[in-house]
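Here are some notes to read alongside the structure. Take your time, and keep the 3D view open as you go.

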Amino acid sequence: MRFKGLILAFLPLFLQSQIVVQPGAGIVVGNGAKLSTSGLLTLTLQSTASGTGSFVDQNPSGSTNVNPAGGVIVQRYIPGWSDANHGWHFLSTPVVSQAISPGFVDISGTISSNQDFYRWSEPFDTWVNIKNASNDYNMGFGELYFSNDNDPHFQIGKGYLVAYGSNATKQFSGVFNLSDVTVSGLTYTTPVHTYLGWHLLGNPYPAALIWNKTGGSWNLSNIDANCQIWNESTASYTIITANGIIPAMNGFMVHVSAHPGSLTIPKSAQTQNFTAWYKNSDEKMQHIILKAIDPAGQTAQETIIRFNELAQPGYDGDFDSQFLPGFAPQFYSYTETLKYALNTLPLSPDATAIQLGFVKNSSSVFNITMSENTTGKTVYLRDKNLGIDHQLSEGPYFFSAAESDDAQRFILHFGTLGQPGLAGHYPFLVYQNGNKLCFQSNSHFETIHIFDLSGRLIHSQKLENSDLQPIDLRDVQNGILIIRASGSSGSLNQKVVFVR
């Protein structure tokens, strides 16, 4: 029996043959229903370059009425690499007790250079390879993961990083994991690491997951509300916000804010979704999505700016996500101590200017484009290196970059639709650079005053030209500042979120 392009919800099924679920199709076993067999039925979920079959069991967690007597076979098509930056995938198992060798990597002898298989170690801040420098099995690969280090198995709920020299269809076999998966004891290791608090987990089901589903039972404890998955096509990480999709058999990175971190990957979060490896999440807040593109290397890095009055000015694990670099050019918003892949600000878009960082990869020519803007504002990108302002709605901003460039190169600022921004005589622009506040203007002002929200004057200074030397505010508390520029023709105010 073969199902194609059809999602089924059915009552007890009695068969003596094989069920094959083709790519792009799925089976749903409804709550209270069974998948029963009168013989040794095998259920196979097929996978090709076009998609992967899906199986959702809606019985309560721990049900034993679904796994067929003949077992299950779950395929996962993995495209081979084309260069050093492409072809990497996060992978996880949907079945219990799946061996890594020989199906995914053969460790019986010298491991082929065409096979890469890693786990992530947060305590050691590094990727751990399954093979050592001699291409033999790395006896430290299974540390804390496997009871028998010579016979490594996938761990349910954990993710792995894999790559293969040619297209491969890998196969999981055995019995489905049918239970909620609790992951606990996730570390936040100090002293500070480069990737402090990041852990690679894995979807433990043969269907897509709704991450941090509203009203669900993910039970996040000391774990940020957003996760990230690897986007093979852009060779960079993609943010998954609440109710976003994690594909079947896909790993995902979570960030722990304090030790110990824990969560439950709930069976009830399964859904039918046939995304191959990743899916951008839907954004309900006002937001801007920018992308730095490396055309020569065919890589790209997104950064997201959102606006929500409930967010905090500094890092907020309920709204923000820290930046994780991949092989694309690094592109992020930042404060003095932190880089953001997703930065949610408590003000409306026209209330602040946002610092953007950029660090080149091996390429030299790039462009920055705006893929989404739901704010109703005209968005400008200022290149401080060249003194250029570019209206992003008019198309990408093209530029070259060198190793010696200052990473704090760009500023995002806003105008009202139909009105120009700084490039067209926007009165003045204020932005933060570390502990300092910087000021630029296309108009003549004589004095600048800085107030806090209570109206207290923090700083006052005469201006001799349109550019003011940076003002040191290291003793000023985080929060919203009012900047007033005054001259013979009047005064103008601007708000800025100041976060050290």
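The points below walk through some strands and how they pair.

1. Before anything else, please keep in mind that this is a predicted model.

2. Let's begin with strand β37, which covers residues 447–452. Five of its six residues are buried, meaning that each has under 20% relative accessible area. The strand is therefore largely enclosed by the rest of the structure.

3. Strand β38, residues 457–462, pairs with β37 through five bridges, and the sense is antiparallel. To find the pairing on your screen, pick Thr447 and look for Lys462 of β38, which stands opposite.

4. The connection between these two strands is worth a visit too. β37 and β38 make a hairpin, with four residues between them. In the turn you will find Gly455, whose phi is positive, at about 95°.

5. Which strand is joined to β37 by six bridges? That is β40, residues 479–487, and the two run antiparallel. A handy pair to locate here is Asp452 and its bridge partner in β40, Leu481.

6. Finally, move to another part of the chain. Three strands form an open sheet in the order β20-β17-β23, with antiparallel pairing. Its edge strands are β20 (245–246) and β23 (270–271), each of which pairs on one side only.

7. Within that sheet, β17 (residues 208–210) and β20 are linked by two bridges in the antiparallel sense.

Notes:
Residues are numbered from 1 along each chain as its sequence is written. This is a predicted model: local features need pLDDT of at least 70, side-chain atom pairs count only at pLDDT 80 or more; totals for chains, interfaces and linings use all residues. Side-chain values use heavy atoms; hydrogens and water are left out. Buried means under 20% relative accessible area, exposed over 50%, partly exposed in between (1.4 Å probe, protein chains only). Two strands pair if DSSP finds at least two bridges between them.
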